[in-house]
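Open the model in a viewer with residue selection at hand. The stops below are meant to be taken in order.

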Amino acid sequence: MLTSAGTATAFPLRLRLHYKAARAAGVMHIGVLMHQKLMSVLLNEDELGAVIRAHMALEQDVDRFVSLVATNSDYIEKMQIDFSNKLKLAVAFGLDEEIYKPLVSVTNIRNKFAHRADMQLSKSEVNNFYKSFTSEDQALIQEVISSNPDRPPGLGKKYSLLSVKEQFVVMVFYLAIRLWHEVEIELEYILKQVEESTE
């Protein structure tokens, strides 16, 4: 494989890195905008809208993670795999396994809403969603409410005082932040690779 003069980095690889870096900048911008509005948007939806939109937001971030870690993500898209298998693929690529169970849990809730128009969030389902997080994440979910001065108006200051829907939304918001952190790690790695390839 041909290399650019003065470097041992394969030239096609360097082109892919620059392409990924450009895409990473766009992903970063999208992520900032999304998390500024996500909780408010979900709280203003009915339960069906909140569940479907929540899952869409999480699925998009899983897609972003996979597209960043895969050498050629176009071939993953050609596989046309469902979200359940794409999530497993993401974990195989390095996604933090601690958020796998919460993502599966919210997917199960979404699937029930997708097949039943009269479906409502139940306390037991939301409790199971909460239990799918690690104890450390559960404590941080509590802090999203108790220690967040930017929480939407009208939202209670304690997790236990929230409605079932509000608890669901808060957990989705926290999960989105955890998932975005995984994306950011990959973004930083890609940008570092680009810097090293141009030295």
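This is a predicted model: local features need pLDDT of at least 70, side-chain atom pairs count only at pLDDT 80 or more; totals for chains, interfaces and linings use all residues.

Residues are numbered from 1 along each chain as its sequence is written, and side-chain values use heavy atoms, with hydrogens and water left out.

**Stop 1: the core**

Select Leu-103, Phe-129 and Phe-168, which touch the most other members of the largest nonpolar core, a set of 48 residues. A nonpolar core is a set of buried Ala, Val, Leu, Ile, Met, Phe, Trp, Tyr and Cys residues joined through side-chain atoms within 4.5 Å. Buried means under 20% relative accessible area, exposed over 50%, and partly exposed in between (1.4 Å probe, protein chains only). Next, colour helix 8, which gives the most to this core, with 13 residues. Helices are DSSP runs of H or I with at least four residues, numbered from the N terminus.

Now show the surroundings of Phe-168. Not counting residues up to four places away in sequence, Phe-168 touches Ala-50, Val-51, Ala-54, Val-106, Ile-109, Leu-121, Val-126 and Phe-129; a contact means heavy atoms within 4.5 Å.

**Stop 2: Arg-178**

Move to Arg-178, in helix 8 (residues 164-197). Is Arg-178 buried or exposed? At 13% relative accessibility, Arg-178 counts as buried. Beyond four places in sequence, Arg-178 touches Asp-96, Glu-98, Ile-99 and Asp-137.

Select Asp-96 as well: Arg-178 forms a salt bridge with it, the closest N and O atoms being 3.3 Å apart. Asp-96 lies in the loop between helix 4 and helix 5 and Arg-178 in helix 8, so the pair ties together parts that are 82 residues apart in sequence. A salt bridge is a side-chain nitrogen of Lys or Arg within 4 Å of a carboxyl oxygen of Asp or Glu. Asp-96 is partly exposed, at 23%.

**Stop 3**

The structure holds eight salt bridges. One of them joins the side chains of Lys-86 and Asp-63 (2.9 Å, N to O). Lys-86 is in helix 4 and Asp-63 in helix 2, 23 residues apart. Lys-86 is buried at 17%, whereas Asp-63 is partly exposed at 30%.

Finish with Glu-125 and Lys-112, whose salt bridge has its closest N and O atoms 2.9 Å apart. Glu-125 belongs to helix 6 and Lys-112 to helix 5, 13 residues apart. Glu-125 is buried at 11%, and Lys-112 is partly exposed at 42%.

Note on methods. Helices (H or I, at least four residues) and strands (E, at least two) are DSSP runs, numbered from the N terminus.
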